[in-house]
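The sequence and coordinates are shown first.

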Amino acid sequence: MNTTSRISSIIHATQLETSLTGIPTFSLSELQITTLPEVQLPTNRRLGHLVEKVVSELIKASENYNMLYENVQIIQHKNTIGELDFIIQQKATTKIIHLELAYKFYLFDPTFSANASKNWIGPNRKDALHEKLEKLQQKQFPLLYHEATKAKLPTINVQKITQKLCVLANLFVPYQATLKLNSTFQKAIKGVYMNFEIFTRLDNSAKAYYIPPKKAWGIDPSEHEVWTDFKGVKASILENLSAKRSLLCWQKHNATFETFFIVWW
């Protein structure tokens, strides 16, 4: 994986605003960085952990924030009850912030709920944006005030900590759908999703494909070099769809690149 591409995909990802999340937003654009850090990305970590690693290094490389704590595991009676992503401090004001980070991919399914705000769901229909936000508000952020947290942050008065959220969103809408979405949601749309039948129908000899591993989700497909035709990806796609695993697909069509999901549902 190209580390520069991974960092760029995170820095330029669309962030959901407080008006949508209900939680004060921390924007990565607040970080004053002169030179991008050299990040050694672990090869055996999941996508979420890779993004956390990059954001951690960006904070440490910034001129206006200090990293005080990261990945703070909260343990009670020898059991881990949760983890705080970052505790950072703004240098100019000395203000301390508890920052939670999320890098998510959601698809808009108009049939999922009568409430449009609840129609952003995971590619495999196992999670949803509104559920993530509820968990953050009801469980993740209150964890800062848990009795067991005091032992992990002995030098900090948690009552004076500001809590903020950074949600980096990659959103996809149904193929050929006409939707009226909030402007921030609109900015976060990276492509469409479709079933295998539509994917097959849209194929032609001028198109080439690549199925990236999940660790590469969110990276600009134009930076990829090795491509194949429909036959080269068909077996893998059908195998995953039969196991109810939706796939992210990169497409090259002449000089145009697209990212879309092929879903099993």
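The sections below go from the whole chain to single residues.

## Basis of the values

This is a predicted model, in which local features need pLDDT of at least 70 and side-chain atom pairs count only at pLDDT 80 or more, while totals for chains, interfaces and linings use all residues. Residues are numbered from 1 along each chain as its sequence is written, and side-chain values use heavy atoms, with hydrogens and water left out.

## Overall dimensions

The protein has 7 helices and 10 strands; helices (H or I, at least four residues) and strands (E, at least two) are DSSP runs numbered from the N terminus. With a radius of gyration of 20 Å, close to the 18 Å from the globule rule for 265 residues, the protein is as compact as a globular protein of that length. That radius is taken over C-alpha atoms, and the rule is 2.2 Å times the number of residues to the power 0.38. Along the principal axes, the C-alpha atoms fill a box of roughly 65 × 45 × 40 Å.

The accessible surface comes to about 14,000 Å², with 48% of it belonging to carbon and sulfur atoms; areas come from the Shrake-Rupley method with a 1.4 Å probe, and for residues only the protein chains shown count as cover. Of the 265 residues, 46% count as buried (buried is under 20% relative accessible area, exposed over 50%, partly exposed in between; 1.4 Å probe, protein chains only). Among contacts (heavy atoms within 4.5 Å) between residues at least 6 apart in sequence, 62% join residues at least 24 apart.

## Helix α3

Helix α3 covers residues 47–61. The end C-alpha atoms of α3 are 21 Å apart, which agrees with the 21 Å that its 15 residues should span at 1.5 Å a residue; the expected span is 1.5 Å times one less than the number of residues.

Buried residues of α3 include L47, L50, V51, V54, V55, L58 and I59, and also E52, S56 and E57. The packing partners of the buried α3 residues are α1 (3–11), β2, β3 (79–90), β4 and β6 (162–174).

## Salt bridges

The structure holds 6 salt bridges, each a side-chain nitrogen of Lys or Arg within 4 Å of a carboxyl oxygen of Asp or Glu. One of them joins E57 to K53, with the closest N and O atoms 3.3 Å apart. These two residues are 4 apart in α3, and are therefore separated by about one helical turn. E57 is buried at 18% relative accessible area, whereas K53 is partly exposed at 30%.

K60 pairs with E70, the closest N and O atoms being 2.8 Å apart. Because K60 lies in α3 and E70 in strand β2 (residues 65–76), this bridge ties together parts 10 residues apart in sequence. Both ends are partly exposed, K60 at 43% and E70 at 28%. K53, E57, K60 and E70 are linked in a network of salt bridges.

R125 and D109 also meet in a salt bridge, at 2.9 Å from N to O. R125 lies in the loop between β5 (120–121) and α4 (129–140) and D109 in the loop between β4 (96–108) and β5, so this pair ties together parts 16 residues apart in sequence. R125 is partly exposed at 29%, and D109 is buried at 4%.

## Cysteines

How many disulfides does a search of the whole structure find? The count is 0, a disulfide being a pair of cysteine sulfur atoms within 2.5 Å. C166 is buried at 1% relative accessibility, and C249 is buried at 0%.
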